[in-house]
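Please work through the exercises below with the sequence and the model side by side, trying each task before reading its solution.

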Amino acid sequence: MGGSDGRQDDGPLAIRARGITKCFGDVVALDGIDLDVTRGQIHGLAGPNGAGKTTLLGLLLGLSVADGGSLEILGAPVGRALAAPDGVAGFVDGPGLYPSLTARRNLGALAGLRGRGRSAAAGADIDDALDQVGLTEVADDKVRGFSLGMRQRLGLAAALLTRPRLLVLDEPSNGLDPAGTRHVRGVLERLAASGTAVVLSSHRMDDLEALCEEVTIVATGRVVFSGPLAKLAAENRELDYRLLTSDACAARELAGGTDGISVVSSGATRYGADSLVVRAPVAALDSLVSRLVGAGVALRELAPVVSPLEAAFLALTEHKEDAR
Ligand SMILES: Nc1ncnc2c1ncn2[C@@H]1O[C@H](COP(=O)(O)OP(=O)(O)OP(=O)(O)O)[C@@H](O)[C@H]1O
């Protein structure tokens, strides 16, 4: 199958889901989900609380089975048995770790479960995995004393040991400090560059924007958007923009007199005494900028108040929530 972006396809999709449904009693957690993830892609999953993200990730990890629809992972159909599909690693609801063991011994125990416990190769792999997630210095500390972010990084190291071809992570940024965020992003980018597909859920739009080529947004168990980030941003035509100019009064007047622009706030806002916030489609914003320049008003800053991804997310999911 040819990629819509013209990229060379490398074997079957990492994930091909069609019409996936999953109920818990009367609750419809997933209501006909379609999802395509190519190999080597970092794919984000976003959605409000209770949208169905964890349920979907659990299906990919073989922690539960769908009620309906078809799911293929790395080219193989997923059956009804509860087992992690070959080549898949990851975790939902935090990684399963032994608190009384050190980080290194946790990884050793996991390698041992897969029959590689004593080999020198396993030891080198463990050192490498700890290094990749930035836990070398605490490798011999007990996990009991680890913070949430350190546990998340150790869970990621455990997943790396299996050399996954599909990595599935639920909220991997939870509890991470800036250094931890940098390590985790680096690991995911290297995995993707080597052909591993990564699917991660996140409530943090900055994470998704920094990492993902494509995102799927779910709301009440349905896909409301799936595709490249740029397409999502383009679909959301009107955004709020913050402008900082050399003459706030003149800027406000010019904005008020420009077709398609509405002034949301001006003067002393939390963005500064001389800021102006306007709601506008891009074309109207372009014309405001030309008018400012024409009137000799210097434009010192111009930026969306919330990122295009966040704005699109809110627009798509608020509409769904209202319809409930
Ligand atoms: N084991 C379960 N038993 C009963 N209901 C469940 C179970 N797991 C999930 N649900 C319900 O299914 C729906 C989807 O839940 P899910 O945890 O997948 O959402 P989510 O998008 O991951 O939410 P969050 O962002 O809050 O983690 C919710 O209504 C939830 O209450």
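This is a predicted model: local features need pLDDT of at least 70, side-chain atom pairs count only at pLDDT 80 or more; totals for chains, interfaces and linings use all residues.

Residues are numbered from 1 along each chain as its sequence is written.

**Exercise 1. Describe the shell around the ligand, by residue, by element and by class.**

Begin with the residues: the ligand is surrounded by Phe24, Val27, Ala29, Gly47, Asn49, Gly50, Ala51, Gly52, Lys53, Thr54 and Thr55, where a residue is near a molecule if its C-beta atom, placed from the backbone, lies within 6 Å of it. Next, look for the elements that give two or more residues to this shell, which are strand 2 (27–37) and helix 1 (53–60); helices (H or I, at least four residues) and strands (E, at least two) are DSSP runs, numbered from the N terminus. Helix 1 contributes the most, with three residues. Finally, sort by class, which gives four nonpolar, six polar and one charged residues, given that Ala, Val, Leu, Ile, Met, Phe, Trp, Tyr, Cys and Pro count as nonpolar, Asp, Glu, Lys and Arg as charged, and the others, Gly among them, as polar.

**Exercise 2. Find how strand 1 is joined to strand 2 and to strand 4.**

Strand 1 (residues 15–24) runs antiparallel to strand 4 (residues 68–73), with five bridges between them; strands pair if DSSP finds at least two bridges between them. Within this pairing, Arg16 has Glu72 of strand 4 as its bridge partner. Turning to the other pairing, eight bridges join strand 1 to strand 2, again in an antiparallel arrangement, and Ile15 stands opposite Val37 of strand 2. These two strands form a hairpin with two residues between them, and Gly25 in the turn has a positive phi of about 60 degrees.

**Exercise 3. Locate the two domains and describe the contact that they make.**

The bounds, which come from an automatic or database domain assignment, are 15–87 + 164–233 for domain 1 and 236–322 for domain 2. Their centres, taken over C-alpha atoms, are separated by 34 Å. The contact takes 14 residues from domain 1 and eleven residues from domain 2, with two residues in contact if their C-beta atoms, placed from the backbone, lie within 7 Å. On the domain 1 side, the elements giving two or more residues are helix 6 (205–211), strand 9 (214–219), strand 10 (222–228) and helix 7 (229–235). By class, that side has eleven nonpolar, two polar and one charged residues.
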